[in-house]
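Here's a quick tour for anyone opening this one up for the first time. Take a look at the picture, then read on.

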Amino acid sequence: MTTTTSTPTGAARAASATADYLDQRTGIGHAVKYFARKVFPDHWSFMLGEIALYSFVTLLISGVFLTMFFVPSMGETHYDGPWPSLNGVEMSEAFSSTLRLSFEVRGGLLMRQIHHWAALIFMASIVVHMMRVFFTGAFRKPREINWVVGFVLLILGLAAGFSGYSLPDDVLSGNGLRITDGVVRAIPIIGSYTSYFIFGGEFPGHDLIPRLFTVHILLVPGLILALIGLHLVLMVMHKHTQYPGSGRSDKNVVGYPALPVYVARLGGNFFLVFGVIALMAGTMSINPVWNYGPYDPSPVSAGAQPDWYMLFLEGALRLMPGGAEFVIGQYTVPLNVIIPAMVVPGILFTLLALYPFIEAFATGDDREHHVLDRPRNRPFRTAFGVSLLMAFFILVLAGSNDLIATHFHMSINDITWAFRVLLFVAPWLAFVITKRICLGLQRKDRELVLHGHETGRIVRFASGEYIEVHKPLDAHERWLRVQHEAIRPLEIEPAEDSRGVRRKGYRRDTMRRRLSELFYEDRVEPVTPSELAAAQAHGHGSHDAVEAGPATRELASSAPGGGQHLVDPHDETAADGRNHTV
Amino acid sequence: MKALAARRHDRRAPVVLLLLALLLTGGLYAVFAPAPAGATPEQAAATATTDDIAAGKALFQANCATCHGPTASGTDVAPSLIGVGAAAVDFQVGTGRMPMQANGPQAPAKPVQFNDEQIAQLAAYVASLGTGPAIPSAEQVDPALGDPANGMALFRTNCAMCHNAVGAGGALSGGKFAPNLWETTPTHLYEAMLTGPQSMPVFNDAIITPDEKRDIIAFIDQQGGAAPGGLDLGSLGPVSEGLWAWVVGIGLLIALAVWGGAKSS
């Protein structure tokens with residue numbers, strides 16, 4: 001056996017010399033040391049943001065390849081190439097170079113498809129990541145700013161997707177631009193000027209593709225890169241949130257060090273994401289522009305829709321009755337465009353962007369939170385998120401109404417009417433149902449903590465009485481179910497002080513209290529130590545009294561039966577991470 | 001006896017019975033199902049004799065007169081067939097749309113009810129009632145003689161708004177639809193353009209010349225096969241692409257993330 005310490009190999013010497021060289025000139029050692037020892041908590045849902053990051057890297061790499069061959073010009077040319085259906089057809093340089101890229105450049109079609117699938121995955125993973133952050137309350141102080149950064153990234157992603165989708169100058173994307181033009185013109189007063197400004201004259205003009213190209217390859221990706229940097233810096237600065245569990249608190253981070261665990265996994269994850277995207281691109285055709293042909297303002301084909309992330313806008317436009325347009329003097333006010341294309345997305349996006357601030361206002365909480373919420377423990381938030389998603393989903397379906405009609409043999413008119421109703425009813429219904437489910441799950445948690453798991457063992461006493469044996473939860477299981485804090489509606493000071501003088505800011509406080517009641521009036525509070533002690537002390541008979549415990553509106557009193565429970569003895573010496581003081 | 005009864009209550013018995021029942025139904029269907037009539041429209045275009053017309057009239061009286069009237073002059077539930085020509089009959093009967101199975105927004109294509117000879121006889125009878133478009137010749141509909149590039153340009157301006165950019169089909173109002181064109185024979189495509197069945201407008205020879213019709217047929221002939229980029233996902237555009245991005249892409253990636261997370265804990 002060779003000794004390793006005294007005689008380092010040549011490679012190791014070279015590596016250490018290089019590291020030393022770099023460290024002396026840049027001080028990089030501090031950074032490496034900091035990150036190597038940085039602890040990250042572990043959960044699969046923390047990888048969702050990473051999927052977005054890696055699909056963005058995939059977009060950058062494949063995008064660079066595409067720019068080598070794409071000609072961002074609306075100059076006219078005639079196609080002459082291997083695709084027979086377009087031979088000799090007049091088209092723009094942009095469309096012609098896209099065809100050349102697809103059919104003549106080696107690997108070009110694969111790269112185009114990687115780029116487009118990666119774009120769809122990028123947007124989808126942003127949405128999934130955002131859902132994770134929303135439903136677990138990871139946006140609470142101190143992370144509100146990072147939520148807004150993430151939200152802006154979502155909007156920039158939409159901008160990147162839309163500008164890139166339009167670059168090949170095919171009929172389908174041209175239809176999308178035509179709709180954009182219509183929406184821009186619908187803006188009161190400045191609409192037509194803005195349209196001329198964007199298109200450099202009458203639609204479609206000759207300027208748009210070069211302009212979109214600059215937006216797509218320079219402006220938007222630059223901003224996205226910068227904001228991703230900010231997003232990650234803030235994430236490192238705040239430390240990563242963690243799911244609740246024994247031993248985890250707002251003051252610690254339980255997980256693994258970045259080096260070697262996460263560095264290896266991060267690298268591996270990139271190849272997984274890239275691999276899935278490449279697999280899709282190699283087997284499934286996407287955006288076959290040669291089917292649609294070069295842009296020409298006259299044809300619109302059936303099934304003309306935007307990519308999925310813009311589909312909700314298409315759906316809103318399809319649902320809006322066309323008659324909502326009126327003329328004042330010589331000015332047309334096209335509410336049939338303004339409402340679906342500006343008001344509806346405006347409402348959805350504003351609610352999404354401002355939610356952390358609305359919730360903080362309703363909660364009146366100024367503390368930092370690093371332990372995530374279980375979605376069931378925040379019924380209003382969870383229900384609100386589900387209903388927002390439901391509205392989005394209905395709009396997406398409405399945008400696909402023609403395909404639903406042909407594939408399920410239904411009348412498109414009926415489908416449209418059904419969605420018009422559902423757009424208002426379904427989010428409300430989703431809200432009510434989700435909230436009930438959350439409260440039900442919380443009640444189940446209470447029940448479990450107080451009475452333990454059912455064992456299915458029935459015991460008969462000498463007196464003839466039957467009871468079921470319950471097995472109490474271990475300390476870790478119990479902690480998970482009682483660690484959260486029950487948030488109660490805010491109580492405000494009276495309108496007048498003791499001398500009868502009206503208090504400033506009372507109206508604002510009243511509004512705040514109403515909002516707070518909306519959020520937290522219905523709730524099921526976690527089991528307190530005294531309740532648990534009471535339940536365990538006389539585990540038999542009177543736990544109705546115990547359960548009714550904290551003052552909540554009619555919710556906690558659903559005691560299941562009044563039967564007796566016999567509790568198995570269990571080991572209470574196991575470590576209990578509770579630092580519960582009520 | 002007891003053993004037999006016990007075996008009859010085996011847990012697997014319902015599954016076995018179900019399989020047997022399915023096998024029986026499938027077998028019976030295979031035996032009794034009507035064999036699809038192989039439509040070779042060229043034969044239908046053969047010259048009609050008076051015998052054909054008489055035979056066609058008999059078929060008409062038996063199968064079509066209930067709705068179209070004994071003299072084919074139409075009733076309040078079905079249009080007059082005088083002057084629609086042999087092309088209309090060949091298309092409607094040859095694709096199984098007629099005789100109509102049930103009232104609905106639109107008569108869908110279904111298994112053909114008559115053999116080629118009967119279709120030719122029906123066509124001859126209806127053609128004898130008044131002048132109308134005839135069944136096109138084999139040369140008129142040969143995709144090899146058409147120019148697909150011109151066909152695509154014509155298709156985009158005249159057909160794609162209902163039939164989708166490559167003829168994958170699309171929705172119309174009130175449950176009607178423009179069907180997928182990939183399985184339609186060139187002769188039937190030509191006849192549809194010529195006669196405008198159901199919701200479709202008539203594209204007569206003044207609007208789209210016979211040569212241009214053949215160009216369109218040449219374009220459609222290239223669709224529905226292998227797509228250059230892999231699976232065509234139905235050629236339905238971004239909606240099906242988005243669906244697959246979520247189902248396959250995000251589905252796989254989340255599964256991998258869960259797998260990675262499970263490995264460590």
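Start in the loop between helix 8 (191-199) and helix 9 of chain A, where you'll find A:Pro204. A cis peptide bond links A:Phe203 to A:Pro204, with omega about -5°. Keep in mind that this is a predicted model.

- B:Pro99 sits in the loop between helix 6 and helix 7 (116-129) of chain B.
- As a rule, most peptide bonds are trans, and most residues other than glycine have a negative phi.
- A:Asp169 has a positive phi, near 65°, and is not a glycine.
- You'll spot A:Asp169 in the loop between helix 6 (144-166) and helix 7 of chain A, and A:Asp169 counts as buried because 26 other C-beta atoms lie within 10 Å, where 20 or more are needed.
- Over in chain B, B:Asn164 isn't a glycine either, yet its phi is positive at about 75°.
- B:Asn164 belongs to the loop between helix 9 (160-163) and strand 1 (170-171) of chain B, and B:Asn164 is buried, with 28 other C-beta atoms within 10 Å.

**Chain A as a whole**
- Chain A is built with 20 helices and nine strands.
- Its C-alpha trace spans about 95 × 85 × 60 Å along the principal axes.
- Chain A has 582 residues, and 39% of them count as buried.
- Take the contacts in chain A with a separation of 6 or more: 73% of them are between residues 24 or more positions apart.

- Helix 4 (residues 93-103) of chain A is largely enclosed by the rest of the structure, because eight of its eleven residues are buried.
- Among those buried residues of helix 4 of chain A are A:Phe95, A:Leu99 and A:Leu101.
- Their cover includes helix 3, strand 2 (76-78), strand 3 (90-92), helix 5, helix 9 (208-238) and helix 11 of chain A.
- Strand 7 (residues 453-460) of chain A has eight residues and the number buried is zero, so strand 7 lies largely in the open.
- Strand 7 of chain A runs antiparallel to strand 8 (residues 466-471) of chain A, and five bridges join the two.
- Across that pairing, A:Glu454 stands opposite A:His470.
- The two strands of chain A make a hairpin with five residues between them, and A:Gly464 in the turn has a positive phi of about 100°.

**Where the chains meet**
- Chain A puts 58 residues into the contact, and chain B puts in 52 residues.
- Several helices of chain A each supply at least two residues to the side that touches chain B, including helix 3 (48-67), helix 5 (108-135), helix 10 (258-283) and helix 16 (412-451).
- On that side of chain A, 34 residues are nonpolar, 20 are polar and four are charged.

**Inside chain B**
- Chain B splits into domain 1 (41-129) and domain 2 (143-221), and the C-alpha centres of these domains of chain B are 22 Å apart.
- Between these domains of chain B, 14 residues of domain 1 are in contact with 15 residues of domain 2.
- Helix 6 (residues 85-94) of chain B gives the largest share of the domain 1 side, with seven residues.
- The domain 1 side of chain B that touches domain 2 has eight nonpolar residues, five polar and one charged.

Notes:
Residues are numbered from 1 along each chain as its sequence is written. Chains are lettered from A and ligands numbered from 1 in the order in which they are written. This is a predicted model: local features need pLDDT of at least 70, side-chain atom pairs count only at pLDDT 80 or more; totals for chains, interfaces and linings use all residues. Two residues are in contact if their C-beta atoms, placed from the backbone, lie within 7 Å. Helices (H or I, at least four residues) and strands (E, at least two) are DSSP runs, numbered from the N terminus. Ala, Val, Leu, Ile, Met, Phe, Trp, Tyr, Cys and Pro count as nonpolar, Asp, Glu, Lys and Arg as charged, and the others, Gly among them, as polar. Domain bounds come from an automatic or database domain assignment. A residue is buried if 20 or more other C-beta atoms lie within 10 Å of its own, exposed if 12 or fewer, and partly exposed in between; C-beta atoms are placed from the backbone. Two strands pair if DSSP finds at least two bridges between them.
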